[in-house]
Each structure stands twice: as C-alpha cells, then as structure tokens.
Amino acid sequence: MTVYLNKGAMHPMNEEQKKNQLSTEKDYSQYFQTTYRPPDLKQAKKRGKENVEIHYDFDVPESMKGIGAGKKFLIRTYGCQMNEHDSENMAGILMNMGFQSTASVDNADVILINTCAIRENAENKVFGEIGHLKALKRENPGLIIGVCGCMSQEESVVNRILEKHQQIDLIFGTHNIHRLPQLIKQAVMSKEMVIEVWSKEGDIIENMPRARKGKIQGWVNIMYGCDKFCTYCIVPYTRGKERSRRPEDIIEEVRHLARNGYKEITLLGQNVNAYGKDLADIDYGLGELMDEIRKIDIPRVRFTTSHPRDFDDHLIEVLAKGENLVEHIHLPVQSGSNAILKLMARKYTRESYIELAHKIKTAIPHASFTTDIIVGFPNETEEQFEETLTLVKEMEFDSAFTYIYSPRDGTPAANMQDNVPHDVKRKRLARLNELVNSLSAAKNKACEGEVLEVLVEGESRKNPDVLSGRTRTNRLVNFKGPKEWIGRLVDVQITEAKTWSLNGEAAALAEVNK
Ligand code: 5AD
Ligand code: SF4
C-alpha cells in the first residue's frame with residue numbers, strides 16, 4: 001500500500017488522533033504508515049490563524065508531460081458547479097500531460113470519478129458506478145481508476161474503498177488536485193492503491209491549466225471553502241476554510257473569458273457573500289468585486305451560492321445597477337421555521353430572511369428569486385414544516401431545489417436524535433414540491449407574450465431541431481432557429497409556458513447580433 005498523506009507526514013499523530021484512528025470500526029492502521037494519516041474530518045474542521053498561501057507556480061513537470069501520449073481520459077463529475085470547475089482543472093492538467101479526452105469508458109486509459117458528499121444518495125450513486133467499473137478493470141488491467149472530490153475527504157469512504165473496491169488505483173482529495181501529475185505517475189508505476197488526501201484548511205493554486213467545457217459560459221471561482229458550519233452540512237469539512245482569490249486574479253480571468261468570446265460567467269463559491277472577508281490588507285467584498293466586473297465587456301454575470309447572513313446593502317446597490325449583472329438571486333433559505341433554522345445554525349430568522357428578500361426585490365424589481373430547502377431535519381414537526389410552506393407561499397419563489405435531510409457523519413446534526421419517519425419526510429417533500437411547482441408554473445405563465453433575451457446554449461435535449469437557452473432570470477426557453485445562433489443572444493417571444501420551461505418564437509432577426 002502506498003499512502004502519501006503529505007501534511008500528516010510532517011506531523012506525527014498525537015495521542016488523540018491515534019485514538020480516533022483506532023476507534024474506527026476496523027483498524028486500517030496497517031495501511032497508513034505510522035506517521036501518515038487517513039482523511040480526518042475533525043482535523044479538517046480546524047480553523048487556524050495561519051495565512052492562506054497563494055501559489056502562482058503550478059507547472060506539470062517536464063518529465064511528466066509525455067506520460068499521457070496516445071492515451072485517453074474520462075472524468076465523471078457528480079455534484080455542484082465547484083466539482084464541475086475542479087474537473088475542468090483536472091482535464092487541463094491531464095491534457096498538459098499528453099492525454100486526450102474521450103466520452104467512452106471503453107477506450108479510456110484513465111477514469112476519474114469526481115464525487116459529491118452532500119447527501120447519502122449522491123454517495124450511493126458513486127458507489128454504484130465504482131462497482132460497475134470492476135468488470136472494466138478486469139478486462140483492462142492497465143486502466144487507472146481514480147476517486148477524488150468531496151467523498152475522498154471522508155475516512156469512512158476511503159476505508160470502504162480499501163475494503164471492497166480494490167479495482168480503484170488512486171484516491172485523492174479536494175486539496176490535492178494540483179498533485180495530479182505526480183499521483184497519476186505513481187498510480188501507473190505502483191501495483192498498490194495510491195492515496196493522498198490532505199485534511200487541511202487549504203491554499204489557493206492560481207495557475208492550474210483548465211480545459212473549459214464550453215465556449216459560451218464559464219465558471220470563475222472567486223473563493224474556496226466555507227466557515228459557516230451549518231449543522232447538517234459536510235462542505236466546511238471537505239472543502240477547507242473560506243479563502244478568497246485576489247480580486248486582480250479574478251478580474252484578469254473574467255477579462256480573458258470576455259476576450260475569448262464567452263457570453264456568460266458565473267462567479268463561484270460555497271458562500272460567495274463572504275468573499276473578501278479574509279483579505280487582510282484590503283477592505284473589499286463581493287459588492288466591490290461585482291462593481292468592477294460590471295464594467296467588463298461580457299453580456300452576463302451570475303454568482304452562486306449566497307448565504308443570507310452576509311448579503312449586504314452595498315451588494316444590493318451594485319446588483320441594482322443591472323446591465324450585465326443579471327436579475328436572478330439564488331438565496332437558500334433551508335427552512336421557514338425559526339426553531340429549525342436555529343438548530344441548523346443558519347444564524348438568521350424567517351423574519352430577517354423575508355426582510356432581506358424584500359429589500360432585494362425592491363431594489364431589483366424584476367429579479368427572479370430561487371432557493372434551496374431541506375425538509376425532515378431531525379425532529380421537524382408538522383407545524384414547523386408548515387412554516388416552510390407558508391414562507392414559500394409568501395416569498396413566491398420562482399423555483400427551488402428541495403431535499404430530504406440526509407445525515408452526514410461528522411456533522412453535529414448527524415448526532416441529533418430524529419423522531420421523524422422517512423415516509424413522513426418523503427410525503428413532506430412531495431407536498432413542498434407540489435407547491436413549488438405550482439408557483440413556478442404561475443411565474444412562467446406570466447411570461448407568456450413577453451419578449452425575453454435568451455442566451456442560446458445548444459440544441460434542446462428532447463428535440464435536436466429546437467434550440468434551447470436561458471433568460472437572464474435563468475428560465476429555460478425552447479424555440480426554433482438556425483444552429484448558428486448557438487452561443488448568441490436572441491430575443492424570443494414567449495408563446496407557451498410549461499412548469500419548468502417556456503416555448504417561444506425568435507423575434508426580429510435584427511436583434512440576433514447583440
Ligand atoms: N441533507 C440534505 N440537503 C443538504 N444540503 C446540504 N447538506 C444537506 C444534507 N445533509 C442542501 C442545502 C444546500 C444544498 C446545496 O444542498 O439545501 O443549500
Ligand atoms: Fe454548507 Fe452552510 Fe456552508 Fe452552504 S453555507 S456550504 S449549507 S455550511
């Protein structure tokens with residue numbers, strides 16, 4: 001077994017860590033040489049005072065640039081946009097090593113599974129896929145299969161792979177992406193599983209190569225990690241502490257995308273409203289950043305995800321200027337019950353959320369408003385659930401991502417007793433979805449007859465003769481038009497509203513060349 005847990009290697013385990021390691025269900029210490037550590041969520045939770053290091057010197061070593069010549073790679077990505085973005089980095093690194101991308105598992109020499117740990121069903125899907133790859137590995141023993149992303153940060157996942165999935169050659173964590181060249185080389189040379197997962201607060205690696213997926217929309221990471229520690233959420237443990245990129249690096253990246261013809265960028269972070277709080281030398285936040293990006297010649301700028309707590313007046317003021325800052329606000333509320341919000345440690349109330357939302361809606365009257373909601377948090381009562389329903393009605397959300405609470409090992413909520421049967425949770429989700437869908441349908445209906453600007457993303461998934469794109473408010477629109485319009489902004493007259501999409505007809509051709 002080859003285990004490279006670099007940071008741990010520099011610090012021998014203390015007594016508490018040794019105890020934790022040995023208290024895991026099975027003792028895997030044989031795999032982890034005495035001074036090395038398995039992934040450790042407790043360690044990952046620590047928030048120290050040391051400075052975040054920004055590295056501008058990433059390079060694929062010359063000796064590793066030819067490793068992939070004549071070989072192909074495939075990356076399967078689960079979960080959020082942050083993972084999509086990380087996959088673009090990994091693809092960029094692999095291409096720098098000479099690999100080419102392929103869409104088929106059958107001719108891939110390297111398969112990376114970029115995983116999501118946010119809910120149990122996301123993890124189950126990944127284990128399903130890992131299981132399927134066993135046969136492929138048997139047929140093609142030279143194939144390298146790697147598991148990365150948030151699940152790799154969990155000791156229980158690493159242990160399960162060690163125990164049951166020896167077809168995996170490589171496991172690496174969210175802080176180890178820049179080490180991919182060395183790890184791939186090691187995995188190719190070694191007969192044993194290579195594991196490198198740093199459980200740390202995290203640094204910033206600036207200049208990793210990136211193979212972006214499209215030429216129309218681009219993700220731009222503005223910060224990494226999360227310090228909010230909502231009691232149900234595993235992200236602060238898997239992604240490290242909040243650390244902001246320097247504004248000049250972000251602005252340069254956006255300018256670069258604008259020069260290359262991108263039409264839309266999405267500023268990314270687990271909690272973008274905390275942007276800049278950790279930049280000790282400047283007083284600079286998301287409002288200031290958006291105000292500068294507003295001046296760059298790119299038609300649309302989005303951002304996700306927001307936390308209501310840090311959504312300040314200056315940001316609202318800047319967003320109200322409109323222009324390329326689109327009028328879509330995604331503001332996760334999670335619950336309409338103050339008691340549940342408290343248990344979730346969201347640090348706002350139903351009332352303060354509504355007040356903030358009204359402030360935003362007053363400043364940006366045509367904004368669409370979307371949210372995330374969790375039902376069935378431990379011990380959620382029927383009344384508390386109904387408070388969520390009344391909040392949704394009052395807020396008239398344009399749409400919502402809704403989830404059943406899923407206990408995540410290592411988070412405080414996972415230790416809470418829970419008296420709500422799963423069946424009740426499922427019924428609550430169905431009731432909530434019914435309400436959300438009726439609101440979405442009504443909001444879409446109100447668009448009928450309007451002419452809306454659509455950024456054409458491609459052919460519709462259901463019908464290749466139809467184009468598909470999104471409005472500034474993030475509504476999906478399908479309409480007929482020539483393929484040359486893909487990547488263009490087109491004004492479309494809405495003719496028919498559906499629950500989740502709109503049908504329309506292209507308006508005047510003269511408006512196509514925006
Ligand atoms: N169970 C269910 N949903 C969760 N989310 C985060 N953690 C959990 C969990 N343990 C949801 C939240 C968050 C979205 C990205 O995922 O609603 O906003
Ligand atoms: Fe998770 Fe809360 Fe951070 Fe969002 S703000 S990533 S829900 S801990």
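Analyst: Start with one term: two residues are in contact when heavy atoms lie within 4.5 Å. The model is predicted, so local features need pLDDT of at least 70 and side-chain atom pairs pLDDT 80 or more, while totals for chains, interfaces and linings use all residues. Residues are numbered from 1 along each chain as its sequence is written, chains are lettered from A and ligands numbered from 1 in the order written, and side-chain values use heavy atoms, without hydrogens or water.

Now the layout. The chain is divided into domain 1 (2-7 + 40-196), domain 2 (215-298), domain 3 (327-445) and domain 4 (451-511). These bounds come from an automatic or database domain assignment.

Two more terms are needed. Buried means under 20% relative accessible area, exposed means over 50%, and partly exposed is in between (1.4 Å probe, protein chains only). A nonpolar core is a set of buried Ala, Val, Leu, Ile, Met, Phe, Trp, Tyr and Cys residues joined through side-chain atoms within 4.5 Å.

The largest nonpolar core has 58 residues. Met290, Phe311 and Ile329 have the most contacts inside this core. Domain 2 and domain 3 both give residues to the core, so it lies between them. Look closely at Met290. Setting aside neighbours within four places in sequence, Met290 is in contact with Leu267, Val301, Phe303, Leu315, Val318, Leu319 and Leu325.

Next, Met82. This residue lies in helix H4 (residues 81-96); helices are DSSP runs (H or I, at least four residues), numbered from the N terminus. Met82 is buried, with a relative accessible area of 3%. Not counting residues up to four places away in sequence, Met82 touches Asn221, Met223, Arg239, Leu268, Gly269 and Gln270.

How do domain 1 and domain 3 relate? Their C-alpha centres lie 34 Å apart. Still, six residues of domain 1 are in contact with six residues of domain 3.

Last, the cysteines. A disulfide is a covalent bond between the sulfur atoms of two cysteines. Here it is a pair of cysteine sulfur atoms within 2.5 Å. A search of the whole structure finds zero disulfides. For Cys150, the nearest cysteine sulfur is that of Cys116, 6.4 Å away. Cys150 counts as buried, at 9% relative accessibility. Cys233 is buried too, at 15%.

Terms used
Helix = DSSP H or I, 4+ residues; strand = E, 2+ residues; numbered from the N terminus.
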